[in-house]
Amino acid sequence: MNRLVLFCLFAVAGCGREDGRPDPPVQHLVPCDRDAGPDAPLACPSSDAGVRQDGGD
């Protein structure tokens, strides 16, 4: 019985998520720079980014 309990504890401790896959790397939000050029790494996305112009169908 003790072996079963130890196995379960190690199995649960080894998994970061319920599906058993490892946790993704931590991502940090970085503020954009409104004065940056369009090719700069910190440039803000355009205000129409992700907006569909064809009616959304």
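Does D19 count as buried, exposed or partly exposed, and what is its relative accessibility? D19 counts as partly exposed, at 46% relative accessibility, where buried means under 20% relative accessible area, exposed over 50%, and partly exposed in between (1.4 Å probe, protein chains only).

The model is predicted: local features need pLDDT of at least 70 and side-chain atom pairs count only at pLDDT 80 or more, whereas totals for chains, interfaces and linings use all residues. Residues are numbered from 1 along each chain as its sequence is written, and side-chain values use heavy atoms, with hydrogens and water left out.

Of the 57 residues of the protein, 0% count as buried.

D19 is located in the segment after α1. A polar atom of its side chain lies 3.2 Å from the backbone nitrogen of R21.

The structure also holds one disulfide, a term for a pair of cysteine sulfur atoms within 2.5 Å. This disulfide joins C32 to C44, with an S to S distance of 2.0 Å. Because C32 and C44 both lie in the segment after α1 (2–14), the pair ties together parts that are 12 residues apart in sequence. The link of C32 and C44 is right-handed, with 90 degrees about the S-S bond. C32 is partly exposed, at a relative accessible area of 40%, and C44 is partly exposed at 22%.

Conventions. Helices (H or I, at least four residues) and strands (E, at least two) are DSSP runs, numbered from the N terminus. A polar contact is a pair of N or O atoms within 3.5 Å; within protein, one must be able to donate a hydrogen and the other to accept it, and residues adjacent in sequence count only if both atoms are side-chain atoms.
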